[in-house]
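Please look at the sequence and the structure together while reading.

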Amino acid sequence: MPRASQLDDLRTSFGEQRVAEETRRHEVRALFDRIAPRYDLMNDLMSFGTHRLWKRKVIARALHHLMPGEAPIVDLAGGTGDLAIALRAALPGRRIIVTDPSAGMLGVARARAGDALDYLQAAGEDLPLAPASVAMVTLSFGLRNMSDPAQGLREVARVLAPGGHLVLLEFSKPEQWFAPFYSIHARHVIPRLGALVARDQGAYQYLVESIERFPARQDMAREIAAAGLELVEERAFVFGVARMQIAKKPQ
């Protein structure tokens, strides 16, 4: 029998609701279409701006691990393009593809970056890219929103060239002593900010609940290995609230 995935719980959940996988896919995409215009502002408010510091570290480590050559970089679930735009500034000659299932999020990215980036509307579980064609995949706060996150990791492994890297930034389980403080912020502050700023409390209630369902560090390390990638580096941010994990496709 195939190994059960710790990520399978996300496939049929929309926050705390149990839904069909296709319903989840539709609801998540519609949610991000709605909140796209205020997505970056909400990220700043929810994290007190610290998500920008985390992404700077992601960019620095991505550049450290990037293979030489002309193969493109894919910013998977790239949303409004903030990570891809930073990569473009550091790598003016490299092709960078922002891919996201949400037309609304890609529209914001295109308005910000214009022709500096390539854009691909596609689900992370089924990328229209050739096997072994990509030098690096960056994936920032998007894995838990896929309808089948384990398949998303396998798809990353498929499109990466041997020696290429996945640079993953996701929410994680905070350290035990910090968890109660973070829970108050997540459960009570973030949905209210969503109501006031994005005018969509339900969307941010879902995002909080999806974070709570996401596997802990050790479980994610096993998921990465099960997809055929080798974990080579990781770092926690804010007492484990978020975590960067970098994995390599074997040569």
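How many nonpolar, polar and charged residues does the lining of the second largest pocket have? That lining has three nonpolar, one polar and five charged residues, where Ala, Val, Leu, Ile, Met, Phe, Trp, Tyr, Cys and Pro count as nonpolar, Asp, Glu, Lys and Arg as charged, and the others, Gly among them, as polar. The model is predicted, and local features need pLDDT of at least 70, side-chain atom pairs count only at pLDDT 80 or more, while totals for chains, interfaces and linings use all residues. Residues are numbered from 1 along each chain as its sequence is written, and side-chain values use heavy atoms, with hydrogens and water left out.

**Pockets**

- Rolling a probe the size of a water molecule over the atoms shows where empty space is left.
- A pocket is an open set of points, on a 1 Å grid over the protein atoms alone, where a 1.4 Å probe fits and protein lies on both sides within 12 Å along at least five of seven lines; its lining residues have an atom within 4 Å of a point.
- The second largest pocket has a volume of about 160 Å³, a volume being the space filled by probe spheres set on the grid points, which are joined across faces, edges and corners.
- Lining this second largest pocket are H51, R52, K55, R56, I59, D82, L83, A86 and R112, and the elements that give two or more residues to it are α3 and α4 (82-90).
- Helix α3 gives the most to that lining, with five residues; helices (H or I, at least four residues) and strands (E, at least two) are DSSP runs, numbered from the N terminus.
- The largest pocket has a volume of about 430 Å³, and of the 23 residues that line it, M46, S47, W54, F171 and Y182 are the closest to its centre.
- Two or more residues of the largest pocket's lining come from each of α2 (39-47), α3 (50-65), α7 (179-198) and α8 (201-213).
- By class, the lining of the largest pocket divides into 16 nonpolar, six polar and one charged.

**Helix α6**

- Helix α6 (residues 149-159) is mostly covered, since eight of its eleven residues are buried, where buried means under 20% relative accessible area, exposed over 50% and partly exposed in between (1.4 Å probe, protein chains only).
- The buried residues of α6 pack against β3 (73-76), β6 (134-140), β7 (160-171) and α9 (217-226), with contact meaning heavy atoms within 4.5 Å.
- Within α6, the side chains of E155 and R158 meet in a salt bridge (2.9 Å, N to O), and because the two residues are three apart in the helix, they are separated by about one helical turn.
- E155 counts as buried at 6% relative accessibility, whereas R158, at 27%, counts as partly exposed.

**Salt bridges between helices**

- A search of the whole structure finds 16 salt bridges, each a side-chain nitrogen of Lys or Arg within 4 Å of a carboxyl oxygen of Asp or Glu.
- The side chains of R112 and D40 form one of them (3.2 Å, N to O); R112 lies in helix α5 (residues 103-113) and D40 in helix α2, so this pair ties together parts that are 72 residues apart in sequence.
- R112 is partly exposed, with a relative accessible area of 42%, while D40 counts as buried at 18%.
- R187 and E209 also meet through their side chains in a salt bridge (4.0 Å, N to O), and since R187 lies in helix α7 and E209 in helix α8, the pair ties together parts that are 22 residues apart in sequence.
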